[in-house]
2 protein chains.
Amino acid sequence: MDIEQHKIPQATAKRLPLYYRFINNLHSQGKQRVSSKELSEAVKVDSATIRRDFSYFGALGKKGYGYNVEYLLSFFRKTLDQDEITKVALIGVGNLGTAFLHYNFMKNNNTKIEYAFDTNAEKIGTEIGGVPVKHIDDLEDIVKGDITAAILTVPSSAAQGITDRLVKSGVSGILNFTPARITVPDHIRVHHIDLSIELQALVYFLKHYPLEENTEQEE
Amino acid sequence: MDIEQHKIPQATAKRLPLYYRFINNLHSQGKQRVSSKELSEAVKVDSATIRRDFSYFGALGKKGYGYNVEYLLSFFRKTLDQDEITKVALIGVGNLGTAFLHYNFMKNNNTKIEYAFDTNAEKIGTEIGGVPVKHIDDLEDIVKGDITAAILTVPSSAAQGITDRLVKSGVSGILNFTPARITVPDHIRVHHIDLSIELQALVYFLKHYPLEENTEQEE
DNA sequence: GGATGATTGTGAAAAACTTAACGACTATCT
DNA sequence: AGATAGTCGTTAAGTTTTTCACAATCATCC
């Protein structure tokens, strides 16, 4: 129960799940050891950054050797609380919501979507990707106390209303895929992922931040 | 043709599409003027950051007044190249891909998905969200020279192979939704959006970075 | 068992980004 | 017209994040 190791930078924290997945891959492939350089090429993060990130957790590697995959894996499993499952609800079973439900989440993951909610009568009562679809009128009853986080994939007009209900039901984090910037009390964490903005941003970068043409061939 | 105004920080560039959308909203609502404080509450970005961001483009506002919505809108339209449409292809018409196709992209947007590609015979020849679905075997012929960016929503096992074909076909940017970290030549820009990692990161933050409970009620 | 090459962990520097603070200016009210 | 409240643009400070560079250490080979 080590509270107060808050010294891990947020930028590092965001990369941890990425590292975890690739270490898992390596382990499945039977790889015994890995260097920060190899890892860097796989996850596209500078090797010095990787070493720095790892170092916040102590000395995980050995000089002149690299990192032991087995050890790294068990360490990350512990750190990312892979044993303890976080329960999640998904609101809005449209195309995007359905995509989430079909993701094979439990693999390499500490989260489980327990319930999905929608208003469409055809979907209610069915299971999608193994997740039961409930009517949104039952949101409060089902979520109350039991669910930690919510994935919001509803039309943006419904976003704030549903959000308020989620907050009242005791959810502490929301992954918001709607274009609406929802308002929540200070103790609720919201991460926004806005698909349309991501595409626009990519296009802006293409036009205004041209990348170097590199004549060097990678080895 | 102002090349070399590269002085806009990347963090700012990423926020521009967000600003643009909200300014658009305000304009539709018939609002005449807006302050950085109001905008801040709407987009959830600190007001000083907004003023700083805007200032990279010169003096867009007036002291003691705020910003003229009309002017701001026309400025951003120009800056974000909203008049010139960027052609995009989407590869992989699964649930996530379909979600993208149904997005009403042309509204407030300078991008258009011209073609979608898949292998599923039932989908080929149809239109989804107004976008024709083609067989992936025809990728090179259709894309060649005509398409600037691609949205990658295929299974991760296919990601690198498709990527290589896209690069050969002259695409310069890829929005990668697969968990695979694809490898491309230096002059190709890739933005990764990894849904599973986003959820894991949210959960990690919930556990390790509890937010302040604020007794103050917002006005 | 010593020499060689590889690799970590980290101090220090640099770069990138955010926030505070305030002078200068504007609009509006009385 | 003067006072008041509001707001920008920006300087400077603060914070966070990345990167460099190298001593310390380890594995391996002859």
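**Reading the interfaces**

Analyst: Start with the contacts between the chains: in this predicted model, 76 residues of chain B are in contact with 76 residues of chain A.

User: How much area do chain B and chain A bury between them?

Analyst: The size of an interface is often given as the accessible area lost when the parts come together. Here chain B and chain A bury about 7,100 Å², with carbon and sulfur atoms accounting for 62% of it.

User: How many salt bridges are counted between chain B and chain A?

Analyst: The count is four. One salt bridge pairs B:R21 with A:D194, whose closest N and O atoms are 2.7 Å apart. On the side of chain B that touches chain A, helix 8 of chain B gives the largest share, 14 residues. By class, that side of chain B has 39 nonpolar, 23 polar and 14 charged residues.

User: Now the DNA. Which residues are closest to DNA strand C?

Analyst: Among the 27 residues that surround DNA strand C, the closest are A:S36, A:R52, A:G61, A:Y67 and B:K63.

User: Which part of DNA strand C does the side chain of A:R52 approach, base or phosphate?

Analyst: A base: an N or O atom in the side chain of A:R52 is 2.5 Å from a base oxygen of DNA strand C. A:L60 uses a backbone N or O atom, 3.1 Å from a phosphate oxygen.

Methods
Residues are numbered from 1 along each chain as its sequence is written. Chains are lettered from A and ligands numbered from 1 in the order in which they are written. This is a predicted model: local features need pLDDT of at least 70, side-chain atom pairs count only at pLDDT 80 or more; totals for chains, interfaces and linings use all residues. Side-chain values use heavy atoms; hydrogens and water are left out. A residue is near a molecule or strand if one of its heavy atoms lies within 4 Å of it. A polar contact is a pair of N or O atoms within 3.5 Å; within protein, one must be able to donate a hydrogen and the other to accept it, and residues adjacent in sequence count only if both atoms are side-chain atoms. Contact means heavy atoms within 4.5 Å. Buried area is the accessible area (1.4 Å probe) that two parts lose on being put together, summed over both. A salt bridge is a side-chain nitrogen of Lys or Arg within 4 Å of a carboxyl oxygen of Asp or Glu. Helices (H or I, at least four residues) and strands (E, at least two) are DSSP runs, numbered from the N terminus. Ala, Val, Leu, Ile, Met, Phe, Trp, Tyr, Cys and Pro count as nonpolar, Asp, Glu, Lys and Arg as charged, and the others, Gly among them, as polar.
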